[in-house]
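Me: I am new to this structure and would like to know what stands behind the terms used for it. Please take the terms one at a time.

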Amino acid sequence: MAIVSTPSKACTINPLKMSQPIGGALAFMGLRGAMPVLHGSQGCTSFGLTLFVRHFKEAVPLQTTAMSEVTTVLGGYENIEQAILNIHHRTKPEIIGICSTGVTETNGDDIDGYIKLIRKTHPQLANFPLVHVSTPDFKDAFQDGWEKAVARMVEALVRAPTSEAERDPARVNVLPGCHLTPADLDEVRTILEDFGLKPSFLPDLAGSLDGHIPDEFKSTTIGGIGIEEIASMGQSGWTIAIGAQMRRAAEAMQTRTGVPFRLFERLCGLIPNDEFIAFLSEISGRPVPTKYRRQRGQLADAMLDAHFHIGGRKLAIGAEPDLLFDLSSMLHDMGAQVTAAVTTTPSPVLERVRTKEVLIGDLEDLEERARRGNCDLLITHSHGRQAAARLKIPFHRAGFPMFDRIGAGHQLSVGYRGTRDLIFHIANLLIADREENHQPQPDSWRTSMSPLGSSGRSFVDATESSIA
Amino acid sequence: MSSLSARILDVFNEPGCAKNADKSEADRKKGCTKQPKPGSAAGGCAFDGAKIALQPFTDVAHLVHGPIACEGNSWDNRGSASSGASIWRTGFTTDMNETDIVFGGEKRLYKAIREILEKYNPAAIFVYQTCIPAMIGDDIHAVCKAASQKFGKPVIPVNSPGFVGSKNLGNKLAGQALLDHVIGTEEPDHTTPCDINLIGEYNLSGELWQVKPLFDELGIRILSCISGDGKYREVASSHRARAAMLVCSKSMINVARKMQERYGIPFFEGSFYGIQDSSNALRNLARVLVERGAPADLIGRTEAVIAREEARAWAEIGSYRPRLAGKRALLITGGVKSWSVPAALQEAGLELVGTSVKKSTDEDKERIKQRMGQDVHMIDDMAPRDMYKMLKGAKADIMLSGGKSQFVALKAAMPWLDINQERSHAYMGYLGIVKLVEEIDKALYNPMWEQLRRPAPWDDTARDGHPMALARTDGQAAETPALLEPSRRAKRVCLCNTVDRGTIEDAIRFHGLTSVEAVREHTDAYGGCCRRRIQDILRAMSVSEPPAMRQAAE
């Protein structure tokens, strides 16, 4: 059991956390023909947009209600009305998703009320899909924004089935957490299809932000799940939720449509994938295809080859709760010690992270703990680059944003295959670091306290932070 | 907030701005930023602008007072370079939570300042106000003043919350904060008759260092650069400079003008983008410095350096000119770059098919006209869709713009080059222009484009000639085959000599041509980079037309 703690400092230094509204906006980007809007000042959108563009290296649709000082005082009704009308007229979207921000939550805009009024005044919008999510910046984090937005989509867009006869047992809803990349979604899709299942992903970033070249230029999203498909998700036989953050949406789906769900908190690692594949075999009534039996063997072999390098290594990881839980558990299962763990927001999985303490903090906290614990590997998003350079340890970029390397959308870490490749990648980082920085010297063994030579790392000094 | 609105009015009332001077009294009061349109706005807020303008001060801790969005979503995203301190790249924010909003965030801000001083001991702390603390009435001026007095370190309030306006207004409010609280508060260790200030230069990708060796050679000392690779003490003592150069014309004109007013430091506007502009800038600097008492031989020495550098740069660019001559560039950027970059492009032989003037002042526009002639296409506000059309319609060979619009070009399989703040190359001075030309050449002549523009072998060849699956983009043309035909025939096959598909097909049909070389003889098609396309046409026609017809034609 890890203790979850919050530091008592007033100044956040090198933030790990990003804001809730852009997490919500990203969820809308997995819908076809969508235009997410942040109800706030134009900077709120501009910062988010730049971050998404730098991460995905794609054009990203994101608009703003462009609140000014005056409209903030007077209330944002007119700005929302104008924004919706403008977008509806100019970009012809299939859905508009509205996320509130700190500014408009502080002045208390009643967005649901506004939307009702707008629908009444403008008959062309009477049945147009407008989904609003409340996501103030001064609470929660990126992952929470995603969680709330997907839950709201289920409530607002999924139709309750009228009769049991409509159900199609081969259809499966997949509710992925925001820690899954487009490549991860495609991997899950392939696996499901190999069992003869027909998946619907809500949201489906692999359809919109996977880097494909669209047939024509659009200022809305260029792919993703369509409104009709979302509406019919109530006909599915099962819902698969990936990551604890998706429990809320899965429960909303069950309440609304009666579709039962199974939550997979992790999809990285041998045992989690055994459970996943076994479940698919069970619900599809099909035996596990040879392909996955072979992949399982390959993963087992990768674990054998890599455990020499990963075993005993001390890991510092900073990520949003579900990603933190997934990656740290997998590496713990490979024999690594989770020495420093920092996250952004509370979650039920945190106390099950295999370490002594999980801190809801920032990258300064992570860097400090990594230094104190003589960590061998840093895992966090791109903002960890300065810390990694100062710590002089290998750095694996994971999570959002990854703006200083390319291919963020295609980084794969789920399934047997994804786990295998990730294990190779991390083991290779450690091998390269050993070759470059820890070659044995004539004096390496003279002082018995520092088995790794020049680095001065000592297993005797290091606290055993990992618990079995 | 009254002091902030007074300050905004003051910033808007800028006599140094020609645009402003032309306005009526009433218009001037309204200010110069257009209210952004909800649902179709782009660009950053005033806080963003203030942070951009000041963050390059390298030994200062930049503390953002607001909820996580303002700093958490944006920190460490600028490409400025530092020759020393790294504290400017550390993200500091009060990360205000619900409790702070209910009870006020001043206490947290004060504590945050203390923590930063204890842990990092920076030369100064700049505190940025954001929307929410402005709404709930946090008085950052009072907090900064109290903290300054208590800890004996400069703690500077930058009052530029996002919702007061655009990025540009934020630049100016940042400049105002420097004027109010920083400039003139310290004295330099020593002064020289050749001390200058660079205002509005951000040292992106370290580009200032492409020019600085020339200053060093001439004995011109940069007393303070506002703000690229700048240090707090330098800007605090910048009032002792002999002359100033305003580098980014729009963003900090208030700083240059008020420093002239207060301290008698003359300034001129200039740029180091392109050979001509670099030479003019050096010349102007030498002239102004000599007028203010620098040794008269500075002018002669400057001319010698200019002559040497120009000769070297021209020689290097010369080798590219045959490859770039006649290539058409579309430039989407703002302000100073709208007239300084085109000059550079023209030097390399490129043609400019359009330049955006959305963020340019009237003066900028006038300069564009002077340099490019009256008929240059000035684009006020181009929707991404239209940029895409322009590129798809092969009306331009390369687009130069900022990162946010890059995919418009790249998805049309057209070369693109980043010339805004996120770029990773430095393009300043005589070295920079050569670098820019080299990058354009690399982008244009990458063999990748040829592969990308070929359709997949299983795709319909009738709608080829265009990138990947993009052929349908012409939208309305796709309706009937009859309508499709002219546009199909009008597609350019040879981009170098502008030969369309129809011409080549006619030549093949009429003369019964079977090889690329034969096509080259009968048309202007060059057969170089379009070799594969011509081969495809030959292949398609030999399949689609009966051999008898070809024999008859022979």
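**Where the chains meet**

Me: How many residues does the contact take from chain B and from chain A?

Reply: The model is a predicted one. The contact takes 59 residues from chain B and 56 residues from chain A. On the chain B side, helix 7 of chain B gives the largest share, five residues.

Me: Why is the radius of gyration of chain A said to agree with a compact globule?

Reply: A compact globule of 468 residues would have a radius of gyration near 23 Å, and chain A has 23 Å, so the two agree. Along its principal axes, the C-alpha trace of chain A spans about 85 × 60 × 40 Å.

Me: What makes a residue buried, and what percentage of chain A is buried?

Reply: A buried residue has 20 or more other C-beta atoms within 10 Å of its own. In chain A, 60% of the 468 residues are buried.

Me: Why are strand 8 and strand 10 of chain A placed at the edges of their sheet?

Reply: The open sheet has four strands in the order 8-7-9-10, with parallel pairing. Strand 8 (198-201) and strand 10 (261-264) of chain A each have a single partner strand, so one side of each has no neighbour in the sheet. Strand 9 (residues 236-242) of chain A pairs with strand 10 of chain A over four bridges, and Ile242(A) has Phe264(A) as its bridge partner.

**The cores**

Me: What makes a set of residues a nonpolar core, and which members of the largest one touch the most others?

Reply: The members are buried residues such as Val, Leu and Ala, joined through C-beta atoms within 7 Å. The largest core has 273 residues, and Val150(A), Leu378(A), Leu63(B), Val127(B) and Ala244(B) touch the most other members. Helix 21 of chain B (residues 429-444) gives the most to this core, with eight residues.

Key
Residues numbered from 1 in each chain as written. Chains lettered and ligands numbered in written order. Predicted model: local features only at pLDDT ≥ 70, side-chain atom pairs only at ≥ 80, totals over all residues. Buried ≥ 20, exposed ≤ 12 C-beta atoms within 10 Å, placed from the backbone. Helix = DSSP H or I, 4+ residues; strand = E, 2+ residues; numbered from the N terminus. Contact = placed C-beta atoms within 7 Å. Rg over C-alpha atoms; globule rule 2.2 N^0.38 Å. Pairing = 2+ DSSP bridges.
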